[in-house]
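Please look first at the sequence and then at the model shown below, turning it slowly before you read on.

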Amino acid sequence: MYCLQCLLPVLLLPKPTNPALMETHVMFIVLYLIGFFLERKPCTICSLVFLTAVFLICYSGVGNCIFWEKPPH
């Protein structure tokens, strides 16, 4: 579970309040995750735990996901 110490802070990064910066934020997160998975090669358990956490956060409620902003009301 040592692999998770570099993955969990990604879930804690705040989303930008300015919608124009959302694309940059998503690109940073995606590039960080690709680089992390290619460089560190985390174990299967850590990868599954992280992907499960992202899935649960994204589908637990509108506006919670780190990859897209909440839709306008």
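**A walk through the helices**

Not counting residues up to four places away in sequence, Val54 touches Leu11 and Phe67, where contact means heavy atoms within 4.5 Å. This is a predicted model, in which local features need pLDDT of at least 70 and side-chain atom pairs count only at pLDDT 80 or more, while totals for chains, interfaces and linings use all residues. Residues are numbered from 1 along each chain as its sequence is written, and side-chain values use heavy atoms, with hydrogens and water left out.

Buried means under 20% relative accessible area, exposed means over 50%, and partly exposed lies in between (1.4 Å probe, protein chains only); of the 73 residues of the chain, 27% count as buried.

The secondary structure comes to 3 helices and 0 strands, and from the N terminus on the elements run α-α-α. Helices (H or I, at least four residues) and strands (E, at least two) are DSSP runs, numbered from the N terminus.

Consider α2 next, which has 19 residues and reaches 26 Å from its first C-alpha to its last, close to the 27 Å expected at 1.5 Å a residue, the expected span being 1.5 Å times one less than the number of residues. Which residues of α2 are buried? They are Met22, His25, Val26, Ile29, Leu33 and Phe36. Seen down the axis of α2, these buried residues fall within an arc of 100°, so they line one face of the helix; the arc is that of the directions from the helix axis to the C-beta atoms. The buried residues of α2 pack against α1 (4–12) and α3 (44–60), whereas the face turned away from the buried side carries the exposed residues Glu23, Met27, Leu31, Leu38 and Glu39. After α2 comes Lys41, whose phi is positive, near 50°.

Aromatic rings deserve a separate look. A search of the whole structure finds 4 aromatic pairs. The ring centres of Tyr32 and Phe36 are 6.4 Å apart and their planes lie at 20°, so this pair is stacked. Rings of Phe, Tyr and Trp (its six-membered ring) pair if their centres lie within 6.5 Å, and planes under 30 degrees apart count as stacked, over 60 as edge-to-face and the rest as tilted. Tyr32 and Phe36 are 4 residues apart in helix α2 (residues 22–40), and about one helical turn separates them. Tyr32, at 32% relative accessibility, counts as partly exposed, while Phe36, at 6%, counts as buried. Phe28, Tyr32, Phe36 and Phe37 form one aromatic cluster.

Leaving aside its neighbours within four places in sequence, Ser47 is in contact with Phe37 and Pro42, and at 13% relative accessibility Ser47 counts as buried.
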